[in-house]
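Some labels used for protein structures rest on a cut-off or a rule. Here a student asks where such labels come from.

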Amino acid sequence: MTGAVVRMRAVQKVFGGGADQTHALDAIDLEIPKGAFVSLIGPSGCGKSTLLRLIGDLTQATGGTIEVNGKSAHRARLDRDYGIVFQSPVLFDWRTVERNVELPLEMSAIDRRARAERARAMLALVELSGSEKRYPWQLSGGMQQRVAIARALSFEPALLLMDEPFGALDEMTRERLNLELLGIWRKTGTTIVFVTHSIPEAVFLSTRVVVMSARPGRIIDVVEVDLPQPRNDLTREDERYFAFVTRVRERLRGGDSAQVAAKTRAAAM
Amino acid sequence: MRVSSIYTFAVLRAARGPLSFLVLASALALVWEVVKLLGGEQTDAWTPPFRWKIASDLNMPHVWDIAAAFAEPAQRNGPPLGLVLVDAAIFTFREAFGGFVIGAVLGLALAIVFVHSGILERALVPYVVASQTVPIIAIAPVVVIWLQAGWLSVAVISAYLTFFPVTIAGLRGLRSPDPRALELMRSYAASPRDVLVKVRMPAAAPYLFAALKVAATASVVGAIIGELPSGIRDGLGGAILNFNQYYISGPPKLWAAIIVAAVVGIGFFAIVRVAEAIFLAGRLGRVET
């Protein structure tokens with residue numbers, strides 16, 4: 001089946017009321033095709049995380065329509081059509097690693113044996129086999145985030161929402177997890193929506209980069225990144241990769257030109 | 001670390017408490033006797049350099065006299081005091097345990113209600129706080145009149161002291177999960193019951209245990225005080241009242257009763273502490289560092 005997993009039409013999100021109201025998002029039209037890896041990038045305050053939360057029905061739009069998997073975002077949440085990963089792993093420290101991964105499955109009618117099996121499979125997918133019985137506090141930050149990814153995938157959802165998932169990790173761990181995430185994406189065929197503030201990360205991972213501007217949050221460009229798949233460490237040295245990075249950077253600058261130009265000048269001095 | 005070793009570790013950690021308690025109790029006894037040595041009463045072998053009224057044998061009986069009192073009969077031809085006090089302690093502990101359970105259940109129930117309803121929280125929490133400003137001595141007779149003198153009324157009086165810390169700590173603990181954790185549960189389309197059982201309650205557990213330790217000792221105090229207006233003579237409250245009235249004829253008896261009351265409170269505290277160590281064992285890395 002081809003088609004859009006996420007379809008947003010004229011979506012608007014206003015916080016507050018009266019004189020204090022802020023337009024977090026305005027006139028958002030976005031389609032995310034099945035199997036795509038889409039990054040949302042923009043300056044802080046551009047509403048990229050809000051956009052992700054709207055897709056996940058964790059907050060409600062003040063205007064427009066949002067469809068996920070051909071139904072309302074609300075229905076899709078109730079049907080557990082997506083998994084979500086935040087910047088912090090949000091693991092439950094009273095549960096072992098495998099019991100953390102099983103948590104979402106406990107909300108459904110899946111029996112204990114099947115749950116344990118699924119948890120093992122997901123932990124194997126994120127290369128954490130052997131850590132099933134450990135507690136989260138015994139793991140490194142990168143490993144904890146992998147557990148969070150395994151947990152988000154435990155329902156085998158059609159859509160994976162990630163809100164700056166590697167933002168708190170060091171550069172090396174981050175690059176390794178980028179590669180692993182691409183491997184998971186290929187293996188599972190899950191559609192991924194990925195919020196980041198790192199241009200190289202967005203270009204490296206995505207088939208499509210959605211560039212946003214702030215106040216009000218708007219989509220200013222959608223860059224199709226047709227770098228060859230599967231991507232690997234060599235991709236980061238590809239000339240076309242740099243070209244895409246430059247292009248996204250310029251688009252971001254266009255969205256907030258005065259500020260970015262000032263920053264560039266400061267950096268050049 | 002293997003899971004079983006985590007438990008062994010937890011139990012060892014818990015055993016450290018009683019040990020240091022014994023050391024402290026011995027030190028206290030030593031200080032007690034040193035004070036008597038300096039300002040106590042004259043004997044054939046020793047004349048103290050000072051004379052302090054508080055250090056007299058009436059006010060501060062010798063540690064060994066208190067110890068000996070346990071073996072002597074409480075009344076003429078009766079069983080030894082130690083046995084009487086153990087019976088009384090068991091009696092009072094039962095009341096205290098009842099008060100502890102009633103208070104814990106009620107306290108937690110209130111916390112769960114408040115965490116789900118902002119209106120009820122705002123409406124009722126001031127009364128919950130105000131309830132603790134009314135002295136238990138004033139409440140106790142009323143409870144006895146309502147429920148009639150007996151085991152249950154003492155437990156209810158005791159619960160009056162125990163529910164409060166559980167409500168306050170429980171409320172705090174139930175609110176302690178990361179907002180992201182609650183969003184995560186929302187993304188799983190989790191029911192309010194699942195959120196409570198799988199996220200809020202486990203997150204509240206360390207807070208609840210802290211409150212239950214307070215409640216354990218408070219329940220013993222509540223039970224002892226509750227016995228007084230109930231006219232119950234079989235417990236430690238009755239014993240303390242009795243030995244207080246006849247203090248002149250045997251000071252060590254009151255001290256023995258005080259020691260037993262303290263031991264009951266400390267013992268109850270220790271039981272909760274061990275339960276906590278076992279229950280929170282997996283989390284030691286986070287909780288105990």
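Predicted model: local features only at pLDDT ≥ 70, side-chain atom pairs only at ≥ 80, totals over all residues.

Q: Why does B:A189 count as partly exposed?
A: A buried residue needs 20 or more other C-beta atoms within 10 Å, an exposed one has 12 or fewer, and partly exposed covers what is in between. B:A189 has 18 neighbours, which lies between these limits, so B:A189 is partly exposed.

Q: What is noted about the phi of B:N77 and the phi of B:A189?
A: Most residues other than glycine have a negative phi. B:N77 is not a glycine, yet its phi is positive, about 65°. B:A189 is also a residue other than glycine, and its phi is positive, near 55°. B:N77 sits in the loop between α2 (63–69) and α3 (81–116) of chain B, and B:A189 in the loop between α7 (179–187) and α8 (192–230) of chain B.

Q: Which peptide bond joins A:Q229 and A:P230, and which kind runs from A:R215 to A:P216?
A: Most peptide bonds are trans. The bond between A:Q229 and A:P230 is cis, with omega about -10°. The bond from A:R215 to A:P216 is cis too, with omega near -10°. A:P216 lies in the loop between β9 (208–213) and β10 (218–224) of chain A, while A:P230 lies in the loop between β10 and α8 (239–255) of chain A.

Q: How do you know that β9(A) and β10(A) pair?
A: Two strands pair if there are at least two bridges between them. β9(A) and β10(A) have six bridges, in the antiparallel sense, so the two strands pair.

Q: What makes β6 and β10 of chain A edge strands?
A: Six strands of chain A form an open sheet with mixed pairing, in the order β6-β7-β8-β3-β9-β10. β6 and β10 of chain A each have a single partner strand, so one side of each has no neighbour in the sheet. The twist from one strand to the next averages 15°.

Q: Which helices lie on the strands of chain A?
A: Helix α1 (residues 48–55) of chain A lies across β3 (37–41), β7 (159–163), β8 (191–196) and β9 of chain A, at about 150° to β8(A). α5(A) packs on the sheet and touches β6 and β7 of chain A, with its direction at about 165° to that of β6(A).

Q: Why is α3(A) called mostly covered?
A: Eight of its ten residues are buried, among them A:V97, A:N100 and A:L103. The cover includes α4 (112–125) and α5 (141–152) of chain A, together with α8 of chain B.

Q: How many residues of chain A are in contact with chain B?
A: 21 residues of chain A are in contact with 18 residues of chain B. α3(A) gives the largest share of the chain A side, three residues. The chain A side divides into 13 nonpolar, three polar and five charged residues.

How values were computed. Residues numbered from 1 in each chain as written. Chains lettered and ligands numbered in written order. Helix = DSSP H or I, 4+ residues; strand = E, 2+ residues; numbered from the N terminus. Contact = placed C-beta atoms within 7 Å. Nonpolar A, V, L, I, M, F, W, Y, C, P; charged D, E, K, R; others polar. Axes fitted to C-alpha atoms, helices over the stretch in contact; angles between N-to-C directions.
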